Amino acid sequence: MTAVAAAQQLQASPLLRRQNPAQQGQGLGKRQQRAFCLQVARLALRSLYRELQLYPKPGLVSLVDNGSHSDMDAATFMRSLFSLRHFFREVTQAGMAGKEFAVLRQLGIAAEQRMLRATAGVNTHRGAIFCLGMLCAAAGYCHGRGMSLSPATLRATLLIQWGDALTRHMQERAPDGNAAGLSHGRLAAQKYAVSGASEEAALGFPSLFEIALPRFLLTLSAARGYDAAAIDALFALMANLNDTNLYHRGGPAAAAKVKALARGFLEMGGSAINDWREHAISCHKVFIQDKLSPGGAADLLAATYLLHGLSYLR
Ligand SMILES: CC(C)(COP(=O)(O)OP(=O)(O)OC[C@H]1O[C@@H](n2cnc3c(N)ncnc32)[C@H](O[C@H]2O[C@H](COP(=O)(O)OP(=O)(O)OP(=O)(O)O)[C@@H](O)[C@H]2O)[C@@H]1O)[C@@H](O)C(=O)NCCC(=O)NCCS
Ligand SMILES: Nc1ncnc2[nH]cnc12
(Lines give C-alpha, C1' and ligand atoms only; values in the text may rest on other atoms or scores of the structure.)
(Ligands and ions follow the chains in the order given, each with its own letter.)
Protein backbone atom coordinates (compact mmCIF):
# COMPACT_ATOMS: atom_id res chain seq x y z
CA MET A 1 0.00 0.00 0.00
CA THR A 2 1.39 3.47 -0.86
CA ALA A 3 1.87 6.11 1.84
CA VAL A 4 -0.96 8.18 0.38
CA ALA A 5 -3.36 5.19 0.27
CA ALA A 6 -2.51 4.36 3.89
CA ALA A 7 -3.06 7.99 4.84
CA GLN A 8 -6.45 8.04 3.05
CA GLN A 9 -7.54 4.92 4.90
CA LEU A 10 -6.49 6.46 8.19
CA GLN A 11 -8.26 9.75 7.49
CA ALA A 12 -11.51 7.93 6.64
CA SER A 13 -11.44 6.00 9.91
CA PRO A 14 -14.22 6.93 12.35
CA LEU A 15 -11.65 6.59 15.15
CA LEU A 16 -10.08 9.84 14.00
CA ARG A 17 -13.33 11.81 14.27
CA ARG A 18 -14.12 13.90 17.32
CA GLN A 19 -16.66 12.39 19.69
CA ASN A 20 -18.85 15.50 19.87
CA PRO A 21 -21.04 15.52 16.73
CA ALA A 22 -21.74 19.24 17.20
CA GLN A 23 -18.09 19.92 16.45
CA GLN A 24 -18.07 17.88 13.25
CA GLY A 25 -18.32 19.07 9.67
CA GLN A 26 -17.57 22.56 8.46
CA GLY A 27 -20.11 24.24 10.71
CA LEU A 28 -17.68 26.28 12.83
CA GLY A 29 -18.71 29.92 13.29
CA LYS A 30 -16.36 32.68 12.08
CA ARG A 31 -15.48 33.69 15.63
CA GLN A 32 -14.66 30.10 16.63
CA GLN A 33 -12.54 29.68 13.52
CA ARG A 34 -10.58 32.82 14.25
CA ALA A 35 -10.08 31.86 17.90
CA PHE A 36 -8.75 28.46 16.87
CA CYS A 37 -6.34 29.96 14.32
CA LEU A 38 -5.04 32.37 16.97
CA GLN A 39 -4.53 29.51 19.41
CA VAL A 40 -2.53 27.56 16.83
CA ALA A 41 -0.45 30.63 15.96
CA ARG A 42 0.37 31.18 19.66
CA LEU A 43 1.35 27.55 20.00
CA ALA A 44 3.64 27.78 16.97
CA LEU A 45 5.36 30.88 18.35
CA ARG A 46 5.69 29.27 21.78
CA SER A 47 7.25 26.20 20.12
CA LEU A 48 9.85 28.38 18.39
CA TYR A 49 10.55 30.16 21.66
CA ARG A 50 10.95 26.88 23.54
CA GLU A 51 13.46 25.70 20.95
CA LEU A 52 15.39 28.95 21.34
CA GLN A 53 15.50 28.84 25.14
CA LEU A 54 16.55 25.19 25.36
CA TYR A 55 20.19 24.77 26.44
CA PRO A 56 22.61 23.09 25.82
CA LYS A 57 21.89 22.60 22.08
CA PRO A 58 25.06 21.71 20.15
CA GLY A 59 26.22 24.59 17.95
CA LEU A 60 22.84 26.33 18.11
CA VAL A 61 21.82 29.75 19.37
CA SER A 62 20.11 29.91 22.78
CA LEU A 63 19.51 32.49 25.48
CA VAL A 64 22.88 31.39 26.96
CA ASP A 65 25.16 31.85 23.92
CA ASN A 66 25.35 32.07 20.11
CA GLY A 67 26.73 28.58 19.56
CA SER A 68 28.58 28.41 16.22
CA HIS A 69 27.04 31.64 14.91
CA SER A 70 28.62 35.03 14.55
CA ASP A 71 25.75 36.35 12.40
CA MET A 72 22.88 35.81 14.84
CA ASP A 73 22.01 35.76 18.54
CA ALA A 74 18.90 35.27 20.69
CA ALA A 75 17.71 38.82 19.91
CA THR A 76 17.85 38.07 16.17
CA PHE A 77 15.69 35.00 16.78
CA MET A 78 13.22 36.98 18.90
CA ARG A 79 12.81 39.55 16.13
CA SER A 80 12.33 36.78 13.61
CA LEU A 81 9.80 35.04 15.83
CA PHE A 82 7.79 38.23 16.32
CA SER A 83 7.69 38.83 12.56
CA LEU A 84 5.97 35.46 12.06
CA ARG A 85 2.96 35.99 14.33
CA HIS A 86 0.49 36.85 11.54
CA PHE A 87 1.85 34.19 9.21
CA PHE A 88 0.97 31.28 11.49
CA ARG A 89 -2.61 32.53 11.89
CA GLU A 90 -3.00 33.11 8.15
CA VAL A 91 -1.59 29.73 7.16
CA THR A 92 -3.88 27.97 9.69
CA GLN A 93 -6.84 29.85 8.18
CA ALA A 94 -5.76 28.90 4.66
CA GLY A 95 -5.54 25.24 5.71
CA MET A 96 -8.99 25.46 7.29
CA ALA A 97 -10.36 26.82 4.00
CA GLY A 98 -8.76 23.84 2.19
CA LYS A 99 -6.54 26.08 0.06
CA GLU A 100 -4.14 24.51 -2.41
CA PHE A 101 -0.39 24.35 -1.83
CA ALA A 102 0.26 27.32 -4.16
CA VAL A 103 -1.60 29.56 -1.67
CA LEU A 104 0.32 28.19 1.33
CA ARG A 105 3.52 28.67 -0.61
CA GLN A 106 2.76 32.34 -1.29
CA LEU A 107 2.12 32.87 2.43
CA GLY A 108 5.39 31.04 3.22
CA ILE A 109 7.41 33.15 0.78
CA ALA A 110 5.91 36.37 2.19
CA ALA A 111 6.77 35.16 5.72
CA GLU A 112 10.37 34.42 4.65
CA GLN A 113 10.61 37.98 3.31
CA ARG A 114 9.26 39.46 6.56
CA MET A 115 11.70 37.31 8.54
CA LEU A 116 14.63 38.52 6.42
CA ARG A 117 13.57 42.14 6.90
CA ALA A 118 13.29 41.63 10.67
CA THR A 119 16.75 40.03 10.91
CA ALA A 120 18.55 42.30 8.43
CA GLY A 121 18.97 39.42 5.99
CA VAL A 122 19.91 36.59 8.36
CA ASN A 123 18.22 33.23 7.73
CA THR A 124 16.91 32.32 11.18
CA HIS A 125 13.71 30.38 10.56
CA ARG A 126 13.45 29.43 6.87
CA GLY A 127 13.08 25.72 7.54
CA ALA A 128 10.75 26.38 10.49
CA ILE A 129 8.44 28.61 8.43
CA PHE A 130 8.05 25.73 6.00
CA CYS A 131 7.61 22.89 8.45
CA LEU A 132 5.59 24.60 11.18
CA GLY A 133 3.60 26.40 8.48
CA MET A 134 2.54 23.10 6.89
CA LEU A 135 1.62 21.69 10.32
CA CYS A 136 -0.52 24.76 11.09
CA ALA A 137 -2.28 24.38 7.73
CA ALA A 138 -2.97 20.71 8.48
CA ALA A 139 -4.29 21.62 11.96
CA GLY A 140 -6.64 24.19 10.39
CA TYR A 141 -7.85 21.68 7.83
CA CYS A 142 -8.54 19.01 10.45
CA HIS A 143 -10.23 21.32 12.93
CA GLY A 144 -12.50 22.77 10.26
CA ARG A 145 -13.74 19.27 9.45
CA GLY A 146 -14.21 17.94 12.96
CA MET A 147 -11.15 15.71 12.79
CA SER A 148 -8.79 15.14 15.69
CA LEU A 149 -5.42 16.88 15.87
CA SER A 150 -3.51 13.68 16.64
CA PRO A 151 -0.11 13.24 14.98
CA ALA A 152 -1.49 10.41 12.79
CA THR A 153 -4.38 12.53 11.49
CA LEU A 154 -2.17 15.55 10.87
CA ARG A 155 0.34 13.50 8.92
CA ALA A 156 -2.40 11.80 6.90
CA THR A 157 -3.83 15.22 6.09
CA LEU A 158 -0.46 16.60 4.97
CA LEU A 159 -0.01 13.69 2.59
CA ILE A 160 -3.53 13.61 1.21
CA GLN A 161 -4.14 17.33 0.85
CA TRP A 162 -0.73 18.56 -0.22
CA GLY A 163 1.45 15.44 -0.75
CA ASP A 164 1.46 15.59 -4.56
CA ALA A 165 2.21 19.31 -4.60
CA LEU A 166 4.99 18.84 -2.04
CA THR A 167 6.52 16.16 -4.26
CA ARG A 168 6.43 18.51 -7.24
CA HIS A 169 7.91 21.28 -5.07
CA MET A 170 10.80 18.95 -4.16
CA GLN A 171 11.43 18.13 -7.82
CA GLU A 172 11.54 21.77 -8.93
CA ARG A 173 14.88 22.83 -10.34
CA ALA A 174 16.24 26.11 -11.62
CA PRO A 175 14.48 26.95 -14.92
CA ASP A 176 17.60 26.48 -17.06
CA GLY A 177 18.31 23.10 -15.51
CA ASN A 178 21.58 24.12 -13.87
CA ALA A 179 22.45 25.14 -10.33
CA ALA A 180 21.74 28.87 -10.81
CA GLY A 181 19.25 30.19 -8.30
CA LEU A 182 19.33 27.12 -6.07
CA SER A 183 19.35 27.58 -2.28
CA HIS A 184 22.20 26.39 -0.05
CA GLY A 185 20.05 23.45 0.96
CA ARG A 186 19.26 22.33 -2.60
CA LEU A 187 22.83 22.83 -3.75
CA ALA A 188 24.10 20.68 -0.87
CA ALA A 189 21.36 18.08 -1.47
CA GLN A 190 22.31 17.85 -5.17
CA LYS A 191 26.07 17.93 -4.69
CA TYR A 192 26.10 15.20 -2.05
CA ALA A 193 23.00 13.28 -3.25
CA VAL A 194 21.22 13.56 0.09
CA SER A 195 17.63 14.41 0.89
CA GLY A 196 16.89 17.92 2.19
CA ALA A 197 14.07 19.96 3.69
CA SER A 198 11.72 19.68 0.71
CA GLU A 199 12.12 15.90 0.45
CA GLU A 200 11.49 15.60 4.18
CA ALA A 201 8.23 17.50 3.59
CA ALA A 202 7.23 15.44 0.53
CA LEU A 203 7.48 12.27 2.61
CA GLY A 204 5.28 13.75 5.34
CA PHE A 205 8.18 14.68 7.66
CA PRO A 206 9.33 11.15 8.60
CA SER A 207 12.08 12.48 10.89
CA LEU A 208 9.49 14.43 12.85
CA PHE A 209 6.75 11.81 13.11
CA GLU A 210 8.87 8.63 13.26
CA ILE A 211 11.97 9.78 15.14
CA ALA A 212 11.64 13.03 17.08
CA LEU A 213 8.10 12.77 18.44
CA PRO A 214 8.39 9.12 19.60
CA ARG A 215 11.69 9.94 21.35
CA PHE A 216 10.16 13.05 22.95
CA LEU A 217 7.18 11.03 24.24
CA LEU A 218 9.40 8.21 25.50
CA THR A 219 11.43 10.56 27.69
CA LEU A 220 8.29 12.35 28.90
CA SER A 221 6.76 9.00 29.85
CA ALA A 222 9.85 8.33 31.97
CA ALA A 223 8.96 11.54 33.88
CA ARG A 224 12.22 13.31 33.08
CA GLY A 225 10.46 16.52 32.03
CA TYR A 226 10.21 18.69 28.91
CA ASP A 227 13.82 19.84 28.64
CA ALA A 228 15.18 16.30 28.87
CA ALA A 229 12.56 15.12 26.35
CA ALA A 230 13.54 17.92 23.97
CA ILE A 231 17.27 17.20 24.30
CA ASP A 232 16.71 13.51 23.53
CA ALA A 233 14.51 14.41 20.54
CA LEU A 234 17.12 16.88 19.26
CA PHE A 235 19.95 14.35 19.50
CA ALA A 236 17.76 11.71 17.83
CA LEU A 237 17.18 14.14 14.97
CA MET A 238 20.88 14.98 14.74
CA ALA A 239 21.70 11.26 14.64
CA ASN A 240 19.37 10.59 11.71
CA LEU A 241 18.63 13.71 9.67
CA ASN A 242 20.53 14.71 6.53
CA ASP A 243 20.76 18.32 7.64
CA THR A 244 21.74 20.30 4.56
CA ASN A 245 23.15 23.10 6.75
CA LEU A 246 25.85 20.70 7.91
CA TYR A 247 26.61 19.55 4.35
CA HIS A 248 26.71 23.16 3.19
CA ARG A 249 29.09 24.24 5.97
CA GLY A 250 31.37 21.18 6.27
CA GLY A 251 30.50 18.57 3.61
CA PRO A 252 29.86 14.86 4.30
CA ALA A 253 32.65 14.64 6.90
CA ALA A 254 30.96 17.25 9.09
CA ALA A 255 27.55 15.59 8.66
CA ALA A 256 29.02 12.19 9.61
CA LYS A 257 30.76 13.66 12.67
CA VAL A 258 27.50 15.18 13.94
CA LYS A 259 25.65 11.88 13.46
CA ALA A 260 28.38 9.97 15.30
CA LEU A 261 28.47 12.40 18.25
CA ALA A 262 24.69 12.36 18.53
CA ARG A 263 24.55 8.55 18.40
CA GLY A 264 27.24 8.41 21.08
CA PHE A 265 25.16 10.64 23.36
CA LEU A 266 22.03 8.52 22.85
CA GLU A 267 23.88 5.21 23.26
CA MET A 268 25.21 6.43 26.61
CA GLY A 269 21.58 6.75 27.67
CA GLY A 270 20.82 10.34 26.62
CA SER A 271 19.02 12.28 29.34
CA ALA A 272 18.68 9.11 31.45
CA ILE A 273 22.25 9.46 32.72
CA ASN A 274 22.95 11.82 35.63
CA ASP A 275 25.58 13.98 33.94
CA TRP A 276 23.83 14.31 30.57
CA ARG A 277 24.14 18.09 30.68
CA GLU A 278 27.95 17.91 30.88
CA HIS A 279 28.01 15.52 27.90
CA ALA A 280 25.70 17.78 25.88
CA ILE A 281 27.88 20.79 26.77
CA SER A 282 30.99 18.88 25.56
CA CYS A 283 29.23 18.27 22.22
CA HIS A 284 28.29 21.97 22.10
CA LYS A 285 31.98 22.91 22.48
CA VAL A 286 33.06 20.53 19.69
CA PHE A 287 30.39 21.97 17.38
CA ILE A 288 31.47 25.54 18.16
CA GLN A 289 35.11 24.67 17.45
CA ASP A 290 34.14 23.15 14.06
CA LYS A 291 31.54 25.90 13.34
CA LEU A 292 28.79 23.30 12.93
CA SER A 293 25.12 24.16 13.35
CA PRO A 294 22.30 21.59 12.99
CA GLY A 295 19.66 24.19 12.05
CA GLY A 296 17.42 21.64 10.29
CA ALA A 297 17.27 19.52 13.47
CA ALA A 298 16.47 22.68 15.50
CA ASP A 299 13.51 23.43 13.22
CA LEU A 300 12.18 19.91 13.57
CA LEU A 301 12.54 20.15 17.34
CA ALA A 302 10.30 23.24 17.28
CA ALA A 303 7.90 21.22 15.12
CA THR A 304 7.97 18.45 17.74
CA TYR A 305 6.88 20.92 20.45
CA LEU A 306 4.11 22.12 18.14
CA LEU A 307 2.88 18.63 17.29
CA HIS A 308 2.81 17.69 20.94
CA GLY A 309 0.95 20.89 21.86
CA LEU A 310 -1.61 20.46 19.06
CA SER A 311 -2.71 17.09 20.38
CA TYR A 312 -3.95 18.92 23.53
CA LEU A 313 -5.87 21.69 21.71
CA ARG A 314 -9.64 21.53 21.81
C1 LIG B 1 11.66 23.96 1.11
C2 LIG B 1 12.33 25.18 1.74
C3 LIG B 1 12.54 24.84 3.19
C4 LIG B 1 13.64 25.51 1.04
O5 LIG B 1 14.49 24.49 1.20
P6 LIG B 1 15.75 24.23 0.38
O7 LIG B 1 15.98 22.77 0.32
O8 LIG B 1 15.64 24.96 -0.92
O9 LIG B 1 16.96 24.82 1.22
P10 LIG B 1 17.33 26.07 2.11
O11 LIG B 1 16.88 27.35 1.52
O12 LIG B 1 18.76 25.94 2.41
O13 LIG B 1 16.46 25.92 3.39
C14 LIG B 1 16.22 24.71 4.01
C15 LIG B 1 16.17 24.99 5.47
O16 LIG B 1 15.50 23.88 6.11
C17 LIG B 1 16.25 23.46 7.24
N18 LIG B 1 16.77 22.10 6.93
C19 LIG B 1 17.98 21.73 6.49
N20 LIG B 1 18.03 20.40 6.26
C21 LIG B 1 16.82 19.93 6.57
C22 LIG B 1 16.25 18.63 6.51
N23 LIG B 1 16.93 17.55 6.09
N24 LIG B 1 14.98 18.49 6.88
C25 LIG B 1 14.27 19.56 7.30
N26 LIG B 1 14.75 20.82 7.38
C27 LIG B 1 16.01 21.00 7.01
C28 LIG B 1 17.32 24.48 7.46
O29 LIG B 1 16.78 25.56 8.23
C30 LIG B 1 17.45 25.93 9.43
O31 LIG B 1 18.78 26.34 9.24
C32 LIG B 1 18.81 27.70 8.92
C33 LIG B 1 20.11 28.34 9.36
O34 LIG B 1 21.15 27.79 8.61
P35 LIG B 1 22.53 28.53 8.36
O36 LIG B 1 23.50 27.50 7.89
O37 LIG B 1 22.93 29.34 9.51
O38 LIG B 1 22.14 29.57 7.25
P39 LIG B 1 22.35 29.76 5.75
O40 LIG B 1 22.00 31.18 5.49
O41 LIG B 1 21.57 28.77 4.92
O42 LIG B 1 23.89 29.49 5.47
P43 LIG B 1 25.26 30.07 6.09
O44 LIG B 1 25.94 30.72 4.97
O45 LIG B 1 24.94 30.99 7.23
O46 LIG B 1 25.97 28.82 6.54
C47 LIG B 1 17.66 28.32 9.61
O48 LIG B 1 16.93 29.03 8.66
C49 LIG B 1 16.86 27.14 10.11
O50 LIG B 1 15.50 27.32 9.81
C51 LIG B 1 17.59 24.99 6.07
O52 LIG B 1 18.13 26.29 6.05
C53 LIG B 1 11.44 26.36 1.78
O54 LIG B 1 12.20 27.45 2.21
C55 LIG B 1 10.60 26.77 0.60
O56 LIG B 1 10.48 26.18 -0.44
N57 LIG B 1 9.95 27.85 0.89
C58 LIG B 1 8.95 28.45 0.04
C59 LIG B 1 7.71 28.73 0.89
C60 LIG B 1 6.82 27.51 0.99
O61 LIG B 1 6.64 26.76 0.05
N62 LIG B 1 6.18 27.31 2.12
C63 LIG B 1 5.23 26.24 2.29
C64 LIG B 1 4.05 26.63 3.09
S65 LIG B 1 4.39 27.20 4.66
N1 LIG C 1 18.50 27.94 17.78
C2 LIG C 1 18.98 27.95 16.53
N3 LIG C 1 20.28 28.22 16.29
C4 LIG C 1 20.75 28.23 15.01
N5 LIG C 1 20.02 27.95 13.93
C6 LIG C 1 18.72 27.65 14.12
N7 LIG C 1 17.73 27.36 13.25
C8 LIG C 1 16.61 27.18 13.96
N9 LIG C 1 16.83 27.35 15.28
C10 LIG C 1 18.15 27.64 15.41
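Reader: Which helix gives the most residues to the shell around ligand 1?

Author: In this predicted model, several helices each supply at least two residues of that shell, namely α5 (101-118), α6 (126-144), α8 (184-191), α9 (197-202), α12 (244-267) and α14. Among these helices, the one that gives the most, with 7 residues, is α6.

Reader: Of the residues around ligand 1, which come nearest, and into what classes does the shell divide?

Author: The shell divides into 11 nonpolar, 19 polar and 9 charged residues. Of the 39 residues around ligand 1, the ones that come nearest are N123, R126, S183, N245 and D299.

Reader: Why do the buried residues of α8 lie on the same side of the helix?

Author: The residues in question are R186, A188 and A189, which are buried in α8. They are on the same side of α8 because the arc that they cover around the axis is only 165 degrees.

Reader: What covers the buried residues of α8, and which exposed residues does the face turned away from them carry?

Author: The cover over the buried residues of α8 includes α7 (151-171), α9 and α12. On the face of α8 turned away from its buried side, the exposed residues are H184 and K191.

Reader: Which helix supplies the largest share of the shell around ligand 2?

Author: Ligand 2 has around it a shell of 5 nonpolar, 4 polar and 3 charged residues, including K57, H69, F77 and D299. The largest share of this shell, 3 residues, comes from the helix spanning residues 295-310, which is α14.

Reader: Where do E51 and V61 stand relative to a nitrogen atom of ligand 2, and how much of the ligand's area does the protein cover?

Author: E51 places a polar side-chain atom 2.9 Å from a nitrogen atom of ligand 2, whereas V61 has a backbone N or O atom that lies 2.9 Å from a nitrogen atom of this ligand. Of the 260 Å² of accessible area that ligand 2 has on its own, the protein covers 96%.

Notes. Residues are numbered from 1 along each chain as its sequence is written. Chains are lettered from A and ligands numbered from 1 in the order in which they are written. This is a predicted model: local features need pLDDT of at least 70, side-chain atom pairs count only at pLDDT 80 or more; totals for chains, interfaces and linings use all residues. Side-chain values use heavy atoms; hydrogens and water are left out. A residue is near a molecule or strand if one of its heavy atoms lies within 4 Å of it. A polar contact is a pair of N or O atoms within 3.5 Å; within protein, one must be able to donate a hydrogen and the other to accept it, and residues adjacent in sequence count only if both atoms are side-chain atoms. Accessible areas come from the Shrake-Rupley method with a 1.4 Å probe; for residues, only the protein chains shown count as cover. Helices (H or I, at least four residues) and strands (E, at least two) are DSSP runs, numbered from the N terminus. Ala, Val, Leu, Ile, Met, Phe, Trp, Tyr, Cys and Pro count as nonpolar, Asp, Glu, Lys and Arg as charged, and the others, Gly among them, as polar. Buried means under 20% relative accessible area, exposed over 50%, partly exposed in between (1.4 Å probe, protein chains only). The arc is that of the directions from the helix axis to the C-beta atoms. Contact means heavy atoms within 4.5 Å.
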